[in-house]
Amino acid sequence: MSLIGEERKQKIVEWIEREGKVKTSELIERLNVSGESIRRYLEELEKEHRIKRVYGGAVLHQSMSFQPIVIANMDGIRRIAYTAFQLIPDDTLLYIGHGVAAEQVASRLRGRNVTVVTPSLTVAKALFEQRAKGVLGGEIQLLGGTIDPKHLVTTGEQVLAQLQTYMFDLAILSVEGVDASLGLTCDAFGLASITQSVMSQSRETFLLTDHTQLNQQKRYRVCDFSKVTAIISDFPEPQDFKGVLAEHGVDWKFAP
């Protein structure tokens with residue numbers, strides 16, 4: 001296929017990642033090409049396991065998960081992940097934490113040459129799938145430890161000891177609660193300890209936070225906002241966060 005054809009295919013994937021689904025009629029109008037061309041692009045993308053064709057359009061290809069889960073705000077999480085993906089440079093020692101948003105970032109790392117460290121089984125699975133397709137360069141390092149069956153991550157002293165050997169360029173993190181007064185909180189002690197360790201050993205930290213996690217306080221406190229570089233959210237910066245984030249120099253990035 002010509003270069004312009006590959007560029008059009010990439011635009012289609014980007015639109016699906018941002019919007020969750022696109023219609024064939026919309027693609028014809030956006031790309032100003034024939035319906036036959038759009039059908040050919042979608043067929044090729046489906047063969048590459050990048051999208052799935054549905055009646056009247058296409059959605060993002062989703063592989064089987066370790067366990068069935070229902071996500072109430074999947075559209076917002078996709079937008080957060082897409083925004084985070086665009087900010088990840090090549091040749092980066094990258095930490096990706098737990099959670100659906102982190103997994104969505106891992107599934108979008110096409111065309112990147114990065115070394116990724118993670119305790120998350122679902123993130124590791126998404127990364128290996130990208131490697132299998134030949135679209136992800138670099139190393140994938142899964143931290144060894146005791147598996148937390150609820151969050152599907154490795155935890156414990158073994159993980160903390162391994163983390164001491166790294167100095168990450170960038171950490172992509174999620175927590176269960178983000179509160180203007182209390183800061184970052186988790187619902188598991190092991191996750192809180194790992195997140196604290198990672199943040200102390202990362203040059204930059206991006207916190208992925210959808211609106212359902214805002215103004216939530218969970219059982220275990222991680223830290224305040226002093227070690228956060230940027231918050232990427234599907235919601236504009238709330239007024240009650242502005243003062244504390246400005247105090248710590250945290251950039252709020254809205255994922256439209």
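Is T165 buried or exposed in this predicted model? With a relative accessible area of 64%, T165 is exposed, where exposed stands for over 50% relative accessible area, buried for under 20%, and partly exposed for values in between, all found with a 1.4 Å probe on protein chains only.

The model is a predicted one, in which local features need pLDDT of at least 70 and side-chain atom pairs count only at pLDDT 80 or more, while totals for chains, interfaces and linings use all residues. Residues are numbered from 1 along each chain as its sequence is written, and side-chain values use heavy atoms, with hydrogens and water left out.

**View 1. The whole protein, with its helices and strands.** The protein has nine helices and 15 strands, which are DSSP runs numbered from the N terminus (helices are H or I with at least four residues, strands are E with at least two). Its radius of gyration is 19 Å, close to the 18 Å that the globule rule gives for 256 residues, so the protein is as compact as a globular protein of that length; the radius is taken over C-alpha atoms, and the rule is 2.2 Å times the number of residues to the power 0.38. Along the principal axes, the C-alpha atoms fill a box of roughly 55 × 40 × 35 Å, and buried residues make up 51% of the 256 residues.

**View 2. The loop residue E48 and its contacts.** E48 lies in the loop between α3 and β2 (51-54) and is partly exposed, with a relative accessible area of 30%. When its neighbours within four places in sequence are left aside, E48 is in contact with K9 and K133, contact meaning heavy atoms within 4.5 Å. Although E48 and K133 are 85 residues apart in sequence, they are 7.7 Å apart in space, C-alpha to C-alpha.

**View 3. Two loop residues with positive phi.** N32, which is not a glycine, has a positive phi of about 55 degrees, and its place is in the loop between α2 (24-31) and α3 (35-47). At 70% relative accessibility, N32 counts as exposed. D91, in the loop between α4 (74-86) and β4 (93-96), also has a positive phi, near 55 degrees, in a residue other than glycine, and at 63% relative accessibility D91 counts as exposed.

View 4. About 60 Å³ of space lies in the largest cavity, a cavity being a set of points, on a 1 Å grid over the protein atoms alone, where a 1.4 Å probe fits but cannot get out. Grid points are joined across faces, edges and corners, and the volume is the space filled by probe spheres set on the points. Lining residues have an atom within 4 Å of a point, and here they include Y95, H98, P119 and L191. Helix α8 (residues 189-200) gives the most to this lining, with four residues.

**View 5. The loop that holds T165.** T165 is found in the loop between α7 (157-163) and β9 (168-173). T165 and F189 are 24 residues apart in sequence and 22 Å apart in space, C-alpha to C-alpha.

Notes
1 Å grid on protein atoms, 1.4 Å probe; cavity = no way out; pocket = protein on both sides within 12 Å on 5 of 7 lines; lining within 4 Å.
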